[in-house]
Amino acid sequence: MKKILLPILLFTASLGAQAVDLKSEGRDPEYVSSIVKRSEKIVDKLGIDDHAKAKEVINIVANRYFKLNDIYEKRDAKIKSAKESLTGEAKNAAIDAAKNEAEASLYRSHFEFPADLSLYLTPEQIDGVKDGMTYGVLMVTYNSHLDMIPTLTDEEKAQIMAWLIEARELAIDAENSNKKHGVFGKYKGRINNYLSARGYDLVKEREAWYERIKARGGKI
């Protein structure tokens, strides 16, 4: 029985990771090139030795960027049309509908992305892709808080990390770099409020941190 099951399992696994086509049809070649290069930079940091496997992952990442662009372009076109052709409550309703439709599309497609990546990558590598798409803000912010407040408890560290992971999930789908940083900015505010409520004087903690940075020859 084991000899029969093994080939079946191997065949099934091979079906799960089919070739990923780059969905570049009908798109501006320069835009496609820029997205592919951006995706390559993200994937290059994962340390994938198999060139063919890396190519599949690059296409998955690039296709996610294409998908996000399509969602936001569709939203913006509907908003533009509403503003040009409607007035009053009808205009506001159409604008809200376009935004809600975009949010629904983002939600429906959000989990497809890591699922597709999981056919080729480990959970740690998937996190690496997410960090690459959000400029590494998660770990920069987390490490900054640990460096600023060395007395943070394990519970506080875990809470900060949980919120930053949540922020990264939202930032991945944001439409541009400013919006991505804006998501993290909101969560940084939440973290600051949390730490203040825990009794930390953030003004004093930050001032002491700056002095430590200067003392070790760093820049603020």
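Trainee: Which residues does arginine 75 touch, leaving out residues up to four places away in sequence?
Mentor: This is a predicted model, so read every contact as a contact in the prediction. Arginine 75 touches Ala98, Lys99, Ala102 and Glu175, with residues up to four places away in sequence not counted.

Trainee: Where does arginine 75 lie, and is arginine 75 buried or exposed?
Mentor: Arginine 75 lies in helix 3. The cut-off for buried is under 20% relative accessible area. Arginine 75 has 15% relative accessibility, so it counts as buried.

Trainee: How is a pair of packed helices described?
Mentor: Two packed helices are described by the angle between their axes and by the distance between the axes. Take helix 3 and helix 4, residues 88-110. Their axes come within 8 Å and cross at roughly 170 degrees. That makes the two helices roughly antiparallel.

Trainee: Which residues meet there, and what classes are they?
Mentor: On the helix 3 side, they include Arg64, Leu68, Ile71, Arg75 and Lys78. On the helix 4 side, they include Ala94, Ala98, Glu101, Ala102 and Leu106. By class, the contact has ten nonpolar, three polar and nine charged residues.

Trainee: How do helix 2 and helix 3 cross?
Mentor: The axes of helix 2 and helix 3 come within 9 Å and cross at roughly 130 degrees. Helix 2 and helix 3 are therefore oblique to each other. Their crossing is right-handed. Helix 2 brings residues including Val32, Ile35, Val36 and Val43. Helix 3 brings residues including Val57, Val61, Tyr65 and Phe66. By class, this contact has 13 nonpolar, two polar and two charged residues.

Trainee: Which residues touch the most other members of the largest nonpolar core?
Mentor: That core has 24 residues. Val43, Val57, Val61, Leu117, Leu121, Val129 and Met133 touch the most other members. Helix 2 (29-44), helix 3 (51-85), helix 5 (112-117) and helix 6 (123-133) each supply at least two core residues. The largest share, eight residues, comes from helix 3.

Trainee: What does valine 57 touch?
Mentor: Valine 57 touches Val43, Ile48, Leu117, Tyr120 and Leu121, again not counting residues up to four places away in sequence. Another core, of 21 residues, lies apart from the largest one. Its members include Leu138, Ala171, Tyr194 and Tyr200.

Trainee: Where is glycine 132, and how far is glycine 132 from glutamate 112?
Mentor: Glycine 132 is in helix 6. Its relative accessible area is 30%, so glycine 132 is partly exposed. Glycine 132 and glutamate 112 are 20 residues apart in sequence. In space they are 18 Å apart, C-alpha to C-alpha.

Terms used
Residues are numbered from 1 along each chain as its sequence is written. This is a predicted model: local features need pLDDT of at least 70, side-chain atom pairs count only at pLDDT 80 or more; totals for chains, interfaces and linings use all residues. Side-chain values use heavy atoms; hydrogens and water are left out. A nonpolar core is a set of buried Ala, Val, Leu, Ile, Met, Phe, Trp, Tyr and Cys residues joined through side-chain atoms within 4.5 Å. Buried means under 20% relative accessible area, exposed over 50%, partly exposed in between (1.4 Å probe, protein chains only). Helices (H or I, at least four residues) and strands (E, at least two) are DSSP runs, numbered from the N terminus. Contact means heavy atoms within 4.5 Å. Axes are lines fitted to C-alpha atoms, for helices over the stretch in contact, and angles run from 0 to 180 degrees between N-to-C directions. Angles under 35 degrees count as roughly parallel, over 145 as roughly antiparallel, 65 to 115 as roughly perpendicular and the rest as oblique. Ala, Val, Leu, Ile, Met, Phe, Trp, Tyr, Cys and Pro count as nonpolar, Asp, Glu, Lys and Arg as charged, and the others, Gly among them, as polar. A crossing is left-handed if the near helix is turned anticlockwise from the far one by less than a right angle, and right-handed if clockwise.
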